[in-house]
Amino acid sequence: MTKWVFAALLAGLLGWASPGVSADVAAAKPPVTEADLARLSDAELRAIVAEKLATPGPADSRNFNPADIAYSLQSDFGRIRERLGDIFGAYGGLPDAFRQAGNILFGDREEGGMALFLMAFIVALLGGFGCEFAVRRRIARSGAVEIPSDLTLWLKLRALAESLLRDGLFILLFSVVAIVIFFVIETGGSVDRIAFAFYLSAIVILRLVASFSRSFLGIRIPAMRITSFSNSEALAIHRGVLVSMALGAFGFFTCALFAVMGIHGDVHLLLLLMVGTVMMLGFSIVFVLGREALQRDLSGSAASSGRRRFARLYPWLMAAGIPVLWALLVGMATLGTTPLFGAGLSTIAILSVWPMFDAAAQRESHNLTGSGDDVTPSVLRVLRIAVAVGSLFILLTGWRFDLLGRTDAVASAVGRGLLEVGVVLLVAYSLWQILNVWANRKIAEEDASLISEGHDSSEMEIGGAGLSRMRTLLPLFRRAGQVTIAVIALMIILSSLGVNIAPVLAGAGVVGLAIGFGSQTLVRDIVSGAFFLMDDAFRLGEYVDLGDVKGSVERIATRSLQLRHHRGALHTVPFGEITRLSNYSRDWAIMKLRFRVNFDADLEQARKIIKKVGASLLEHPDVGEDFIQPFKSQGVVEVDDYGLIISTKFMCKPGKQFLIRRHAYAAVQKAFADNGISFARPEVRVSVDKGGDEKTAPGDEQMSDASAVAAATAIASAARQKQATETTGS
């Protein structure tokens, strides 16, 4: 049952890949000329017209018709089964084919001619290798470069490119020298030269594959290894790839040589089928044997759960997909379609290398996250998408998808759609990362500037200076830009997939209108926030008072504002509920301080002392630069029961008034003490009258004294509280 299902799927794929077969057959009929029509009678013309009207026209290939698909599956399956039977039935002709090839190679030669051919072939190869070895050795003597063990992915890719270029030049030198030597010393016929060219091509291809595998897997220099394989794992995979590729390269070029010598037909197809099957099974075995290394490489510590599941399935998918791909190529050959063996090999190569490169780029990006370098991880993320899109383009081009839109075939339309989606994603993600990196850098520059100025949000007090307007709006600009990029990319992708976005936009407008009517509060909050930001009413870090709540602006969202109270509480206030906003962090702040002195204090002396204190504070290293107007006296502003109240004030930068206040209190206290000016203290005098004719009982006298002491204590406490309130100022 499995065999029949697999054959049906294969036949369906092949029928889908060649939709124009029936159209080509129909187009092969010769057209009717005007002369032929002139010779026909009226009855014959009416019969032809009636036949044309009764015959249905060709079906539109863009219409999905299950009946046509089922018929195509059945027809293609029958043809594949019949054709494979003929090919495998030609097994008995293999000895004759090899005998015929041997007669062509050896039969018409003079005595010793084959030995001369083999000697010329070996001498040419040795000459090419010798010249290459001499050049390599001379270059190596010019100076060895020490390679560090902790190369970044960029340096590894650069080393890989340099190694491939260097090996490519050496292989080119080897090929040119070998060809020159062979054509100089060999005097055989054209078959000998074709055989030499074919097998030299096989050697060159094998060496190119070996060069890439050796550099990518870091066989000679483990520090250049892009994957996370161990030395033994990398060597085992490298050897498996080379063995499979050697069997395929020499086998296919041998089949090509047989075709040149006139061996065609089913025997030739059988040889190709055998060689390709052996090579594809060799590749599948490499994936099965190296599954643990591949799974560990693809599912690193930075991989997501979905990627780890893919890593577990990847070796088995490749091991099973390679034979399926080979079956597809064989089916194309049996149906008469040109088998795209190059596309099949490029598909295997891309699907083998791309996941390992993507995993290496993800590991590198994860390792650089948090290192202060935000450009390299973003470039690596964009590079991963670029490599994926480039791989998709190579695959579609190799499988001959019409990417220019010259045909309306379903397969070509799907291929174009996938490529357009990939390009849109690449451009959109690149713009996303550019915007993100630019915003993060500007935010870091603003934060570094504030830190250099001594700004510390953790030490923020009431009225502390906030961040700049650019620093406040950058996160909002970034979020708005990313949303815009995502929406535009989504619309372009839907359009590329054939979706008419006009109804989508109209429906989105209707839904948005309905949401707007149903969520007036939400709309009010968003619009109010936009106007607050346009008016520059507040910025991040500024201390604002909204009436009910107050605190420093910690976060500005789309519809709400978050305030951090100076005691730690975090308040979230929707913009639409803000009716009054007082900003304590703009331009300047004024602090007033009060001092109570005795009634007999010299007020003029006190004024001069406060003036000197203000001058000394201007020179203070900690607070001197924060003054806008100096600390000065405003004279006596109030007289109470305990003394004279002198008011002072100063103007400073927002948030610095509390630090200056501490220094001002200490300086005034010391200056007053040095000049004999004392602060007034509340005094309570209690008078107890013990005279009179009547005698007071001892218990009543003690009670009166206790009540008096309690009353005095209460009065003194109230006085101290009042003095403290007046001293802090408003």
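This is a predicted model: local features need pLDDT of at least 70, side-chain atom pairs count only at pLDDT 80 or more; totals for chains, interfaces and linings use all residues.

Visitor: What makes the pair formed by Arg-539 and the side chain of Glu-542 a polar contact?

Guide: The backbone nitrogen of Arg-539 lies 2.9 Å from a polar atom of the Glu-542 side chain. The cut-off is 3.5 Å between N or O atoms, one able to donate a hydrogen and the other to accept it. At 2.9 Å, the distance falls within that cut-off.

Visitor: How do you know whether Arg-400 is buried or exposed?

Guide: Exposed means over 50% relative accessible area. Arg-400 has 61%, so it is exposed. Arg-400 sits in the loop between α15 (375–398) and α16 (410–452). Its phi is near 60°, a positive value in a residue other than glycine.

Visitor: And what about Arg-214: buried or exposed?

Guide: Arg-214 has a relative accessible area of 18%, and the limit for buried is under 20%, so Arg-214 is buried. This residue belongs to helix α9.

Visitor: Which residues are in contact with Arg-214, leaving aside its neighbours within four places in sequence?

Guide: They are Asp-167, Ile-219, Arg-220 and His-238. To be in contact, residues need heavy atoms within 4.5 Å.

Visitor: How much of the protein is buried?

Guide: Buried residues make up 35% of the 730 residues. As for the surface, the protein exposes about 42,600 Å², with carbon and sulfur atoms supplying 62% of it.

Visitor: What makes a group of residues a nonpolar core?

Guide: The members must be buried, come from a set of residue types that includes Ile, Met, Phe and Trp, and be joined through side-chain atoms within 4.5 Å. The largest such core here has 40 residues, and those touching the most other members are Phe-229, Met-280, Phe-283, Phe-287, Ile-322 and Trp-399. Several helices each supply at least two residues of this core, among them α8 (153–185), α10 (231–260) and α14 (341–368). The largest share, 11 residues, comes from α13.

Visitor: What does Ile-322 touch, not counting residues up to four places away in sequence?

Guide: Ile-322 touches Met-280, Phe-283, Ser-284, Phe-287 and Ile-348. There is also a second, separate core of 31 residues, including Leu-94, Phe-196, Leu-200 and Cys-255.

Visitor: Let us turn to the strands. Why are β7 and β8 called paired?

Guide: Two strands pair if there are at least two bridges between them. β7 and β8 (residues 644–652) have seven bridges, in the antiparallel sense, so they count as paired. A hairpin through four residues joins β7 to β8.

Visitor: What makes β6 and β7 edge strands?

Guide: Their open sheet has the order β6-β8-β7, with antiparallel pairing. β6 (589–597) and β7 (627–639) each pair on one side only, and that puts them at the edges. From one strand to the next, the twist averages 20°.

Visitor: Which helices lie against this sheet?

Guide: Helix α20 (residues 603–618) packs on the sheet, touching β7 and β8, and its direction makes about 160° with that of β7. Helix α21 (residues 657–674) lies across β6, β7 and β8, running at about 25° to β6.

Visitor: How do you know that β3 and β4 pair?

Guide: Pairing needs at least two bridges. β3 (residues 560–564) and β4 have five, in the antiparallel sense, so they pair too. Ser-560 stands opposite Pro-574 in β4. These strands belong to an open sheet of five, in the order β4-β3-β2-β1-β5. Its edge strands are β4 (570–574) and β5 (582–583).

Visitor: How many helices and strands are there in the protein?

Guide: There are 22 helices and eight strands.

Key: Residues are numbered from 1 along each chain as its sequence is written. Side-chain values use heavy atoms; hydrogens and water are left out. Axes are lines fitted to C-alpha atoms, for helices over the stretch in contact, and angles run from 0 to 180 degrees between N-to-C directions. Buried means under 20% relative accessible area, exposed over 50%, partly exposed in between (1.4 Å probe, protein chains only). Accessible areas come from the Shrake-Rupley method with a 1.4 Å probe; for residues, only the protein chains shown count as cover.
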